[in-house]
Amino acid sequence: MPDLDIRNVEMRFGGFCALSDVSLSVSSGKFITLLGPSGCGKTTLLNIIAGFLHPTQGSVLINGKGVTSLRPENRDTAMCFQSYALFPHLNVHDNVAFGPRQKRVARAETQSRVSTLLSQMGLDLHSTKLPNALSGGQQQRVALARALAVEPGLVLFDEPLSNLDAKLRDQVRSEIRSLQRELGFTAVYVTHDQAEALAMSDEVFLLNGGRIVQSGKPRDIYFKPKTRFVADFIGAANLHSGPINSGAMTTPFGPLSVDSPNLSMSTVCWRPESAALGGPLSGVVSSAAFQGSYLDVFLTKDGETIRLQISGDQHLEVGQTVSFGVPRDRVVIIEDTDTGQANA
Amino acid sequence: MPNGLRIILLLTPGLGLVMTLMIWVLYRAFAQSFGLYNFNGDDLLTLSHWQGMFQNRRYWNALEWSGYIAVVSATLAVAVAYPLVIWLRRPFKGSFLLSALIKAPYFVPGLVAAFLLINVISYHGFVNEFLIWIGVWDQPVRMQNDKNGYAIIGLQVWKQLPLAFLLLSGAVAAIPDNVLHAAQDLGAGTWDRFRKVVLPMTVTAMQASLILIFIGAAGDFTFQAVAGPTRENSLATLMVTYQGASYSDWNGAAVIGVTLMVLSLLGSIVFAALVQIVAKLMERV
């Protein structure tokens, strides 16, 4: 199983810099996600790994071997495309068998791989159907089976769930993860859906403006965002700026405890679900939406608004004054005040 | 009013007129080949015109010649069009101009094109004069009216290439990039991508191109008359010979006309079937 090493990759399209000095490393059998907003360069990076694009600078290594100038057909990778990219003139069986046949795998072995994968994906009854006779979820499974049939060291996923409805997305998401654990391949997954990234990944690389702005385990990215952009992009975040004196920052809602010495000027962040009712802070309910398992509440004070997510069995009225607290260890000081805007 | 009858009535003004004219012309040709509508005597239903033609060597030579020119021209035009279409699939600097140049022959009348070619390849044409001037050969070489019909085939390919180009470019452009990328990602090189993805996905356009070019080339008169070998006739030139001042044999000309239609129909069927078989074979090789 290969390690993936990307070293100082830069990609320019004319005067536009799509990727700038991107470096990352992936260990064998890991599931990593390239996460970021549209246009941040994540698909460009995936295309560079696959070999469809050649970086302007930098290098790509798979299993320690430089593959930067290697053509896609000669790389140990397989891609699952956003649009599935199934061959419309081939039935499900032949779509899945395409890769092994291309790689000159023995006929019996090809048949065995195809049968096993179709069975694993629950597609054995559809093997003679053409792709246009399948549902979106089934097509996605065929695309996954087709990619896995060549037994690649590295599987690349380009937003594979974005065309599926919410329920199917959850189902296919867990299927992909289970398969990855079972078969042990290394996966690079591109998405703009932060929930998908947090749920599936061993490690998340968050990109913005062609740069990796933060990487780490999903929990670290979520609870310890380094920049305002990361805090804002990954889930909902409440941000306050100001000086920290004696372990607290003065906010319109009251003193917010921060695990830090005195700082002249800083920005802090905390998650809406970190708050609990009752505490030194207070605000007036401007809106409250029942979401089943939790109550989504917006509090306002002195023209500033924050968001709380509290237990769904609570009942708050608009206009009601609510007191709340945030545990000190859930308040994070953001290292910079970078807005994360794209660079060119 | 029953729905079926209403549909027929609604289609009648357009489709009805076309069908009537087509059937009338076909009927006239068939009937004339069997002795009816005789302009040189009494109408007499007979097989003698067909029997006479079947015993005529010039008829079989013309049939063979037209078939040869049509098959080779259609195959070559499509074979040349495919790489051009794939090359120009995605726009690049100058691709618009190249596309326009490829389509330009469509706007040049066949007679003019043949005349221009004669200027180029005749005994004292540009090619001979130039090659003598640069010393490649000492005296002019005969290229005009060559016995293998290369000049006609060249003209047919040049003239029909835009048709193949237009039909194929639509089909090739409709193949999503991701599908080609997927094939490449799974190990397919350039040739494999062509035979396993591009060819099967554009087979209908290829069939249409081959059939249209085959029919056009099989019925060619102009190129044959101007640039063809003097000792060969195409079905069209033979038909005009029979119909014109040489024989005034309208019934014989009708036999040749019907033969040309049958050749076009059979050629189209055979070409369509062959393309399917070849595409399947190439996909599996």
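This is a predicted model: local features need pLDDT of at least 70, side-chain atom pairs count only at pLDDT 80 or more; totals for chains, interfaces and linings use all residues.
Residues are numbered from 1 along each chain as its sequence is written, while chains are lettered from A and ligands numbered from 1 in the order in which they are written. Local features need pLDDT of at least 70, side-chain atom pairs count only at pLDDT 80 or more, and totals for chains, interfaces and linings use all residues; side-chain values use heavy atoms, with hydrogens and water left out.

**Exercise 1. Chain A as a whole**

Task: State how many helices and strands chain A has, and what percentage of its residues count as buried.

Solution. 
- Step 1. Helices (H or I, at least four residues) and strands (E, at least two) are DSSP runs, numbered from the N terminus. Chain A has eight helices and 19 strands.
- Step 2. Buried means under 20% relative accessible area, exposed over 50%, and partly exposed in between (1.4 Å probe, protein chains only). Of the 344 residues in chain A, 52% count as buried.
- Step 3. The C-alpha trace of chain A spans about 70 × 45 × 30 Å along its principal axes.
- Step 4. Contact means heavy atoms within 4.5 Å. Among contacts in chain A with a separation of 6 or more, 67% come from residues 24 or more positions apart.

**Exercise 2. A strand and its partner**

Task: Which way do the residues of strand E6 of chain A point, and which strand is joined to E6(A) by four bridges?

Solution. 
- Step 1. In a regular strand the side chains alternate between the two faces of the sheet.
- Step 2. In strand E6 (residues 77–80) of chain A, A:Thr77 and A:Met79 point one way, and A:Ala78 and A:Cys80 the other way. All of these are buried.
- Step 3. Two strands pair if DSSP finds at least two bridges between them. Four bridges join E6(A) to strand E7 (residues 154–158) of chain A, and these strands run parallel.
- Step 4. Opposite A:Ala78 stands A:Val155 in E7(A).

**Exercise 3. Salt bridges**

Task: For the salt bridges A:Arg307 with A:Asp296 and B:Arg89 with B:Asp177, find how far apart the closest N and O atoms are and where the residues lie.

Solution. 
- Step 1. Side chains of opposite charge can pair when their charged atoms come close. A salt bridge is a side-chain nitrogen of Lys or Arg within 4 Å of a carboxyl oxygen of Asp or Glu. The structure holds 13 salt bridges over all chains.
- Step 2. In the salt bridge of A:Arg307 and A:Asp296, the closest N and O atoms are 2.7 Å apart. A:Arg307 is in strand E17 (residues 304–311) of chain A and A:Asp296 in strand E16 (residues 294–301), eleven residues apart.
- Step 3. A:Arg307 is partly exposed at 26% relative accessible area, whereas A:Asp296 is buried at 6%.
- Step 4. For B:Arg89 and B:Asp177 the closest N and O atoms are 3.0 Å apart. B:Arg89 sits in the loop between helix H3 (57–87) and helix H4 (95–103) of chain B, and B:Asp177 in helix H8 of chain B, 88 residues apart.
- Step 5. B:Arg89 counts as buried at 15% relative accessibility, and B:Asp177 is partly exposed at 34%.

**Exercise 4. A residue and its contacts**

Task: Where does A:Leu277 lie, and which residues is it in contact with beyond four places in sequence?

Solution. 
- Step 1. A:Leu277 lies in strand E15 (residues 276–290) of chain A, and is partly exposed with a relative accessible area of 34%.
- Step 2. Leaving aside neighbours within four places in sequence, A:Leu277 is in contact with A:Ile310, A:Gln314, A:Val322, A:Ser323 and A:Phe324.
- Step 3. A:Phe324 is 47 residues from A:Leu277 along the chain, and their C-alpha atoms are separated by 4.2 Å.

**Exercise 5. Where the chains meet**

Task: Describe the contact between chain B and chain A by its residues and its buried area.

Solution. 
- Step 1. The contact takes 19 residues from chain B and 22 residues from chain A.
- Step 2. Buried area is the accessible area (1.4 Å probe) that two parts lose on being put together, summed over both. Chain B and chain A bury about 1800 Å² between them, with 59% of it on carbon and sulfur atoms.
- Step 3. B:Gln184, B:Asp185 and B:Leu186 supply 39% of the area that chain B buries against chain A, more than any other three residues.
- Step 4. Helix H8 (177–185) and helix H9 (190–201) of chain B each supply at least two residues of the side that touches chain A.
- Step 5. The count of salt bridges between chain B and chain A is zero.
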